[in-house]
Amino acid sequence: RGGNTSFELADAGILLLKDITDDFKLTLPQNIQVACAKSGEVYIDKEGIGNFLKQLQEPLSYLDFETFNTAVPLFDGTKPYQQIPFQFSLHMVEQGKVEHFSYLAEGGSDPRLTFLEELQKVLRDTGSIVVYNKSFEEARLKELGEAFPSYKDWITQVIKRFVDLMIPFRNFDYYNSLQEGSCSIKKVLPCFSSKNYLDLEIGKGDVASILYFKTHYGTDGVEKEKVRENLLIYCKQDTEAMMEIVEGLKGIK
(Lines give C-alpha, C1' and ligand atoms only; values in the text may rest on other atoms or scores of the structure.)
Protein backbone atom coordinates (compact mmCIF):
# COMPACT_ATOMS: atom_id res chain seq x y z
CA ARG A 1 0.00 0.00 0.00
CA GLY A 2 2.77 2.37 -0.85
CA GLY A 3 0.80 4.37 -3.40
CA ASN A 4 3.00 6.96 -5.13
CA THR A 5 5.84 6.00 -2.77
CA SER A 6 6.03 2.61 -4.49
CA PHE A 7 6.50 4.25 -7.89
CA GLU A 8 9.11 6.62 -6.47
CA LEU A 9 11.07 3.68 -5.05
CA ALA A 10 10.76 1.69 -8.27
CA ASP A 11 11.98 4.68 -10.30
CA ALA A 12 15.01 4.81 -8.00
CA GLY A 13 15.71 1.13 -8.71
CA ILE A 14 14.63 -0.03 -5.24
CA LEU A 15 12.50 -3.16 -5.63
CA LEU A 16 12.91 -4.87 -2.25
CA LEU A 17 11.84 -3.61 1.16
CA LYS A 18 15.22 -4.47 2.65
CA ASP A 19 16.90 -2.09 0.17
CA ILE A 20 14.96 1.00 1.28
CA THR A 21 17.35 3.42 2.96
CA ASP A 22 16.77 4.61 6.51
CA ASP A 23 16.35 8.24 5.46
CA PHE A 24 13.45 7.50 3.11
CA LYS A 25 10.22 8.94 4.53
CA LEU A 26 7.65 6.24 5.31
CA THR A 27 4.55 5.84 7.47
CA LEU A 28 4.82 3.95 10.78
CA PRO A 29 3.29 0.72 9.35
CA GLN A 30 5.63 0.95 6.36
CA ASN A 31 8.63 1.47 8.64
CA ILE A 32 7.63 -1.61 10.62
CA GLN A 33 7.45 -3.70 7.43
CA VAL A 34 10.83 -2.46 6.25
CA ALA A 35 12.46 -3.07 9.64
CA CYS A 36 11.10 -6.65 9.74
CA ALA A 37 12.28 -7.31 6.18
CA LYS A 38 15.79 -6.13 7.08
CA SER A 39 16.09 -7.87 10.46
CA GLY A 40 14.04 -11.00 9.83
CA GLU A 41 12.49 -10.43 13.26
CA VAL A 42 8.85 -10.12 14.30
CA TYR A 43 7.54 -6.73 15.42
CA ILE A 44 5.54 -6.91 18.65
CA ASP A 45 3.73 -4.19 20.59
CA LYS A 46 3.03 -6.01 23.85
CA GLU A 47 0.88 -3.22 25.23
CA GLY A 48 -1.36 -3.18 22.16
CA ILE A 49 -1.69 -6.97 22.19
CA GLY A 50 -2.37 -6.95 25.92
CA ASN A 51 -5.12 -4.37 25.53
CA PHE A 52 -6.74 -6.51 22.85
CA LEU A 53 -6.60 -9.69 24.94
CA LYS A 54 -8.14 -7.93 27.95
CA GLN A 55 -11.39 -7.65 25.97
CA LEU A 56 -11.83 -11.40 25.71
CA GLN A 57 -14.29 -12.96 28.15
CA GLU A 58 -15.14 -16.65 28.38
CA PRO A 59 -16.95 -18.52 27.09
CA LEU A 60 -15.12 -17.50 23.93
CA SER A 61 -17.14 -18.10 20.76
CA TYR A 62 -15.13 -18.11 17.53
CA LEU A 63 -17.58 -17.50 14.69
CA ASP A 64 -17.32 -17.46 10.89
CA PHE A 65 -19.93 -17.19 8.11
CA GLU A 66 -19.93 -18.21 4.46
CA THR A 67 -22.26 -16.56 1.94
CA PHE A 68 -23.19 -16.47 -1.73
CA ASN A 69 -24.68 -13.69 -3.86
CA THR A 70 -26.39 -13.48 -7.23
CA ALA A 71 -27.07 -10.65 -9.69
CA VAL A 72 -30.73 -11.69 -9.88
CA PRO A 73 -32.23 -12.11 -6.38
CA LEU A 74 -33.46 -15.63 -5.69
CA PHE A 75 -35.57 -14.92 -2.62
CA ASP A 76 -38.34 -12.47 -1.72
CA GLY A 77 -37.08 -9.37 0.05
CA THR A 78 -33.48 -9.66 -1.17
CA LYS A 79 -31.52 -7.36 -3.49
CA PRO A 80 -29.10 -7.89 -6.37
CA TYR A 81 -25.75 -9.12 -5.10
CA GLN A 82 -26.99 -9.34 -1.50
CA GLN A 83 -24.86 -11.76 0.53
CA ILE A 84 -26.94 -14.77 1.59
CA PRO A 85 -25.50 -16.70 4.59
CA PHE A 86 -25.57 -20.45 4.04
CA GLN A 87 -22.99 -21.76 6.52
CA PHE A 88 -21.39 -21.06 9.86
CA SER A 89 -18.69 -22.58 12.03
CA LEU A 90 -18.58 -21.97 15.77
CA HIS A 91 -15.84 -23.06 18.16
CA MET A 92 -16.63 -22.46 21.80
CA VAL A 93 -13.90 -22.40 24.45
CA GLU A 94 -14.49 -22.36 28.21
CA GLN A 95 -11.97 -23.35 30.88
CA GLY A 96 -9.91 -25.32 28.39
CA LYS A 97 -12.86 -27.26 26.97
CA VAL A 98 -13.48 -26.84 23.25
CA GLU A 99 -16.77 -27.58 21.45
CA HIS A 100 -17.48 -27.23 17.75
CA PHE A 101 -20.83 -26.54 16.09
CA SER A 102 -21.56 -26.08 12.41
CA TYR A 103 -24.41 -25.50 10.01
CA LEU A 104 -24.52 -25.94 6.23
CA ALA A 105 -27.80 -25.29 4.45
CA GLU A 106 -29.20 -28.07 2.27
CA GLY A 107 -29.86 -25.68 -0.61
CA GLY A 108 -32.74 -25.29 -3.00
CA SER A 109 -34.62 -22.76 -0.84
CA ASP A 110 -33.95 -19.60 1.17
CA PRO A 111 -31.45 -20.65 3.91
CA ARG A 112 -31.57 -17.45 5.96
CA LEU A 113 -34.21 -18.24 8.58
CA THR A 114 -32.86 -21.73 9.28
CA PHE A 115 -29.37 -20.23 9.48
CA LEU A 116 -30.59 -17.86 12.21
CA GLU A 117 -32.48 -20.58 14.06
CA GLU A 118 -29.46 -22.88 14.12
CA LEU A 119 -27.11 -20.10 15.18
CA GLN A 120 -29.36 -19.07 18.06
CA LYS A 121 -29.48 -22.69 19.27
CA VAL A 122 -25.71 -22.95 19.75
CA LEU A 123 -24.54 -19.40 20.51
CA ARG A 124 -24.35 -18.67 24.23
CA ASP A 125 -25.84 -15.52 25.76
CA THR A 126 -22.58 -14.55 27.49
CA GLY A 127 -18.91 -14.19 26.63
CA SER A 128 -17.03 -12.63 23.73
CA ILE A 129 -17.76 -13.56 20.13
CA VAL A 130 -14.50 -13.49 18.18
CA VAL A 131 -14.77 -12.82 14.45
CA TYR A 132 -12.22 -11.83 11.82
CA ASN A 133 -13.02 -8.54 10.10
CA LYS A 134 -16.25 -8.05 12.04
CA SER A 135 -17.84 -5.68 9.53
CA PHE A 136 -18.76 -8.67 7.34
CA GLU A 137 -20.53 -10.79 9.97
CA GLU A 138 -22.05 -7.67 11.51
CA ALA A 139 -23.55 -6.55 8.20
CA ARG A 140 -24.98 -10.01 7.48
CA LEU A 141 -26.64 -10.21 10.89
CA LYS A 142 -28.14 -6.72 10.54
CA GLU A 143 -29.59 -7.73 7.17
CA LEU A 144 -31.06 -10.85 8.76
CA GLY A 145 -32.54 -8.72 11.54
CA GLU A 146 -34.31 -6.56 8.95
CA ALA A 147 -35.59 -9.64 7.13
CA PHE A 148 -36.73 -11.43 10.30
CA PRO A 149 -37.73 -8.75 12.86
CA SER A 150 -38.44 -11.25 15.64
CA TYR A 151 -34.66 -11.86 15.80
CA LYS A 152 -33.66 -8.19 15.70
CA ASP A 153 -33.23 -7.67 19.46
CA TRP A 154 -31.24 -10.89 19.82
CA ILE A 155 -29.01 -9.91 16.89
CA THR A 156 -28.39 -6.48 18.44
CA GLN A 157 -27.15 -8.14 21.64
CA VAL A 158 -24.98 -10.59 19.69
CA ILE A 159 -23.26 -7.82 17.71
CA LYS A 160 -22.45 -5.92 20.94
CA ARG A 161 -20.31 -8.89 22.01
CA PHE A 162 -18.22 -9.02 18.82
CA VAL A 163 -14.44 -8.72 19.14
CA ASP A 164 -12.54 -8.27 15.89
CA LEU A 165 -9.39 -10.43 15.80
CA MET A 166 -8.12 -8.50 12.80
CA ILE A 167 -7.51 -5.38 14.92
CA PRO A 168 -4.08 -6.21 16.42
CA PHE A 169 -2.82 -7.04 12.92
CA ARG A 170 -4.48 -4.12 11.16
CA ASN A 171 -3.01 -1.83 13.85
CA PHE A 172 0.44 -3.42 13.47
CA ASP A 173 0.56 -4.47 17.13
CA TYR A 174 2.01 -7.63 15.62
CA TYR A 175 3.78 -7.95 12.29
CA ASN A 176 5.69 -10.83 10.73
CA SER A 177 7.20 -10.65 7.26
CA LEU A 178 5.36 -13.89 6.47
CA GLN A 179 2.24 -11.71 6.24
CA GLU A 180 3.66 -9.92 3.20
CA GLY A 181 1.95 -6.70 4.25
CA SER A 182 -1.47 -8.35 4.67
CA CYS A 183 -3.62 -8.79 7.77
CA SER A 184 -5.92 -11.41 6.20
CA ILE A 185 -6.42 -14.55 8.27
CA LYS A 186 -4.79 -16.66 5.54
CA LYS A 187 -1.58 -14.62 5.85
CA VAL A 188 -1.65 -14.32 9.65
CA LEU A 189 -2.29 -18.01 10.43
CA PRO A 190 1.16 -19.28 9.26
CA CYS A 191 2.77 -16.93 11.80
CA PHE A 192 1.23 -18.99 14.60
CA SER A 193 0.53 -22.43 13.15
CA SER A 194 1.72 -25.04 10.68
CA LYS A 195 -1.78 -25.05 9.19
CA ASN A 196 -2.45 -23.35 5.89
CA TYR A 197 -5.21 -23.04 3.31
CA LEU A 198 -3.17 -24.24 0.36
CA ASP A 199 -3.68 -27.90 1.31
CA LEU A 200 -7.49 -27.64 1.35
CA GLU A 201 -9.70 -28.66 -1.57
CA ILE A 202 -11.62 -25.42 -0.93
CA GLY A 203 -9.27 -22.78 0.43
CA LYS A 204 -10.88 -19.46 -0.51
CA GLY A 205 -14.20 -17.84 0.34
CA ASP A 206 -15.09 -16.95 -3.25
CA VAL A 207 -14.48 -20.55 -4.33
CA ALA A 208 -16.64 -21.79 -1.45
CA SER A 209 -19.44 -19.48 -2.54
CA ILE A 210 -19.31 -20.49 -6.21
CA LEU A 211 -19.11 -24.23 -5.56
CA TYR A 212 -21.92 -24.12 -2.99
CA PHE A 213 -24.23 -22.24 -5.35
CA LYS A 214 -23.29 -24.40 -8.33
CA THR A 215 -24.01 -27.69 -6.56
CA HIS A 216 -26.98 -26.61 -4.41
CA TYR A 217 -28.93 -24.25 -6.69
CA GLY A 218 -27.63 -25.07 -10.16
CA THR A 219 -27.78 -28.15 -12.33
CA ASP A 220 -24.39 -29.54 -11.35
CA GLY A 221 -25.20 -31.76 -8.38
CA VAL A 222 -22.81 -34.60 -9.18
CA GLU A 223 -20.18 -33.54 -6.65
CA LYS A 224 -22.59 -32.11 -4.08
CA GLU A 225 -21.65 -34.37 -1.17
CA LYS A 226 -17.93 -33.91 -1.82
CA VAL A 227 -18.39 -30.15 -1.99
CA ARG A 228 -20.34 -30.20 1.28
CA GLU A 229 -17.56 -32.16 2.96
CA ASN A 230 -14.94 -29.69 1.77
CA LEU A 231 -17.07 -26.69 2.74
CA LEU A 232 -17.36 -28.00 6.30
CA ILE A 233 -13.58 -28.48 6.47
CA TYR A 234 -12.90 -24.99 5.10
CA CYS A 235 -15.26 -23.10 7.39
CA LYS A 236 -14.11 -25.12 10.41
CA GLN A 237 -10.51 -24.20 9.67
CA ASP A 238 -11.41 -20.49 9.80
CA THR A 239 -12.60 -20.73 13.40
CA GLU A 240 -9.78 -23.12 14.34
CA ALA A 241 -7.37 -20.57 12.87
CA MET A 242 -8.81 -17.85 15.09
CA MET A 243 -8.35 -20.04 18.15
CA GLU A 244 -4.72 -20.72 17.28
CA ILE A 245 -4.01 -17.06 16.59
CA VAL A 246 -5.49 -16.00 19.94
CA GLU A 247 -3.46 -18.66 21.75
CA GLY A 248 -0.38 -17.45 19.89
CA LEU A 249 -1.01 -13.88 21.02
CA LYS A 250 -1.52 -15.06 24.59
CA GLY A 251 1.85 -16.81 24.44
CA ILE A 252 3.76 -13.63 23.62
CA LYS A 253 5.85 -12.64 26.63
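Lys-121 counts as exposed, at 63% relative accessibility (buried means under 20% relative accessible area, exposed over 50%, partly exposed in between, with a 1.4 Å probe and protein chains only). The side chain of Lys-121 meets that of Glu-118 in a salt bridge, 3.1 Å from N to O (a side-chain nitrogen of Lys or Arg within 4 Å of a carboxyl oxygen of Asp or Glu). The model is predicted: local features need pLDDT of at least 70 and side-chain atom pairs count only at pLDDT 80 or more, while totals for chains, interfaces and linings use all residues. Residues are numbered from 1 along each chain as its sequence is written, and side-chain values use heavy atoms, with hydrogens and water left out.

**Salt bridges**

- The structure holds 14 salt bridges.
- Lys-121 and Glu-118 both lie in helix α4, three residues apart, about one turn of the helix (helices, H or I with at least four residues, and strands, E with at least two, are DSSP runs numbered from the N terminus).
- Glu-118 is partly exposed, with a relative accessible area of 24%.
- Glu-94 pairs with Arg-124 in a salt bridge whose closest N and O atoms are 3.1 Å apart.
- This pair links distant parts of the chain, 30 residues apart: Glu-94 is in strand β3 (residues 84-94), and Arg-124 is in the loop between α4 (112-122) and β5 (129-131).
- Glu-94 is partly exposed at a relative accessible area of 32%, and Arg-124 is partly exposed at 32% relative accessibility.
- Lys-187 forms a salt bridge with Glu-180, with 2.5 Å between the closest N and O atoms.
- Lys-187 counts as partly exposed at 30% relative accessibility, whereas Glu-180 counts as exposed at 59%.

**Helix packing**

- Helix α3 (residues 46-54) packs with helix α10 (residues 224-250) at an angle of about 125°, their axes being 10 Å apart (axes are lines fitted to C-alpha atoms, for helices over the stretch in contact, and angles run from 0 to 180 degrees between N-to-C directions).
- That angle makes α3 oblique to α10, because angles under 35 degrees count as roughly parallel, over 145 as roughly antiparallel, 65 to 115 as roughly perpendicular and the rest as oblique.
- The contact (heavy atoms within 4.5 Å) is made by Ile-49, Phe-52 and Leu-53 of α3 and by Val-246, Leu-249 and Lys-250 of α10.
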